[in-house]
Amino acid sequence: MLDRIAWERHFERTPMPSANTAPSNSTAPSASTAPSANIAVVGLAVMGSNLARNLASREGNTVAVYNRTTSKTDDLIAAHPEAGFVKAATMQELADSLQTPRTAIIMVKAGRPTDAVIDELVSVFEPGDIIVDGGNALFTDTIRREAAVRETGIHFVGCGISGGEEGALNGPSLMPGGTAESYATLGPILTGIAAVAEGEPCVTHVGTDGAGHFVKMVHNGIEYADMQLIAEAYDLIRRGTGKSPAEIADVFDEWNRGELESYLIEITAEVLRQVDADTGQPLVDVILDAAGAKGTGAWTVQTALDLGVPVSGIAEAVFARSLSSRLAQRAAATDLPGPSDAWQVDDADAFIEDVRQALFASKIVAYSQGFDEIVAAAVEHGWDIQKGEVARIWRAGCIIRARFLKDITKAYAEDPDLPALILAPYFRAAMASTHEAWRRVVVAAAQAGIPSPAFSSSLAYYDGLRADRLPAALIQGQRDFFGAHTYRRIDREGTFHTQWSGDRTEIAATDTH
């Protein structure tokens with residue numbers, strides 16, 4: 001919870017101007033300390049330091065920097081004298097160094113550390129100033145913070161930043177929320193540091209309060225699915241063809257020249273080529289097969305459950321990481337019965353092409369599910385999120401940047417009200433040309449006993465979406481039997497209940513009360 005006492009101090013310090021006097025500014029610096037910076041970065045770990053350097057490299061910016069541990073500030077300034085950073089040893093010094101409206105970007109750990117920094121900034125900032133949280137905050141926390149900070153007259157912006165350390169330095173994809181008024185000041189600054197795709201900066205005002213962090217969360221969920229799908233493709237090719245990691249790297253290089261072109265495909269080839277200096281083995285064979293996670297994938301799935309949106313491909317990717325980390329269970333289960341490990345395909349080239357098509361189809365499902373979640377949240381929270389703009393700003397700078405994001409942008413430009421991304425003409429055609437290969441891969445994986453949860457769940461979702469009738473009718477009948485949950489019929493309007501414990505006649509649901 002934000003510090004109410006700090007706010008009260010803030011209001012005591014900032015009297016309301018009268019009709020005959022100019023607004024009072026109790027934090028205004030003296031003439032000898034005139035404000036010189038137009039933007040500040042608070043929190044100078046790697047992401048914060050790189051973002052500060054990116055900001056400082058753009059014409060027109062002077063960047064004030066602050067870190068709770070002052071030595072980090074000193075080290076950054078000493079390492080990069082060309083940046084012209086303005087040092088702030090305290091939050092008051094930071095406020096004094098900034099031109100109005102003051103704008104500070106927080107780059108600290110999510111949760112309580114972020115709340116603590118917000119409290120400090122609120123105590124030294126004034127109405128009209130802007131606080132930006134650039135961390136991976138849970139969007140509901142951002143909604144709470146924005147509402148609370150708004151009471152002080154200060155703007156609070158949750159801004160998703162994607163691209164990792166390299167993106168922060170050279171140009172990230174930026175997803176700011178907040179008010180239109182705050183974006184009028186913040187937009188030109190963010191535009192200057194964003195990645196550029198085909199001449200367009202990868203930044204847009206996503207929507208109000210938590211919209212920016214929500215879209216970044218879904219971005220990360222799609223990233224989880226994409227990474228899991230690529231890992232499954234690698235695993236199937238290696239087990240099915242016997243190719244070495246370096247040889248599979250060549251396959252990924254080839255894929256990266258076609259419709260699968262993306263940052264993640266590119267770096268996968270780099271990882272597969274890496275040789276461990278100590279053992280001489282491929283590095284991928286030396287790394288413990290237990291994948292870590294920082295929470296945004298799980299948030300995506302949990303939120304989708306709350307919204308009633310199926311994101312099965314993303315969910316299976318999250319669960320696959322969880323399973324990989326249950327090392328004791330896995331060690332105890334290695335003798336469970338299953339198919340022989342001695343499995344190889346007859347035609348390696350044909351199988352690799354099938355895997356490529358399965359990967360492309362499954363990626364389309366992941367993006368379609370992610371955009372379904374964005375649409376549902378926009379309705380729930382009253383956000384005016386432009387789906388085509390989201391796809392546009394993901395084309396460069398971010399982790400999931402990929403060639404076919406241009407096709408997503410085009411799809412939403414042609415039909416902003418698409419019921420599902422997968423139904424756009426381009427993606428319909430892609431499914432028509434890939435689904436048979438996709439099925440062969442899932443069947444082969446199941447018969448060989450090779451786990452492919454993201455491939456198989458994505459295919460199940462696709463077939464569920466296209467089915468003219470699902471077994472959900474039976475489930476609803478079961479629910480009515482044990483809990484009188486009622487059901488609807490296909491042949492007439494109304495809601496009904498069968499009197500299962502009586503004569504099993506059907507009655508209108510209104511007659512059950």
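A disulfide is a pair of cysteine sulfur atoms within 2.5 Å. The structure discussed here is a predicted model, in which local features need pLDDT of at least 70 and side-chain atom pairs count only at pLDDT 80 or more, while totals for chains, interfaces and linings use all residues. Residues are numbered from 1 along each chain as its sequence is written, and side-chain values use heavy atoms, leaving out hydrogens and water.

The structure holds zero disulfides. Cys159 is in none, as the nearest cysteine sulfur, that of Cys202, is 13 Å away. The sulfur of Cys398 also has its closest cysteine sulfur in Cys202, but at 7.3 Å this is too far for a bond. Burial is judged by relative accessible area with a 1.4 Å probe and protein chains only: buried means under 20%, exposed over 50%, and partly exposed in between. Cys159 therefore counts as buried, at 1% relative accessibility, and so does Cys398, at 0%.

The buried residues of H13 are Thr296, Gly297, Thr300, Val301, Thr303 and Ala304. They lie on the same side of H13 because they cover an arc of only 165 degrees around the axis, taken from the directions from the helix axis to the C-beta atoms. On the other side of H13, Leu305 and Asp306 are exposed. H13 is followed by Gly308, whose phi is positive, near 75 degrees.

How values were computed
Helices (H or I, at least four residues) and strands (E, at least two) are DSSP runs, numbered from the N terminus.
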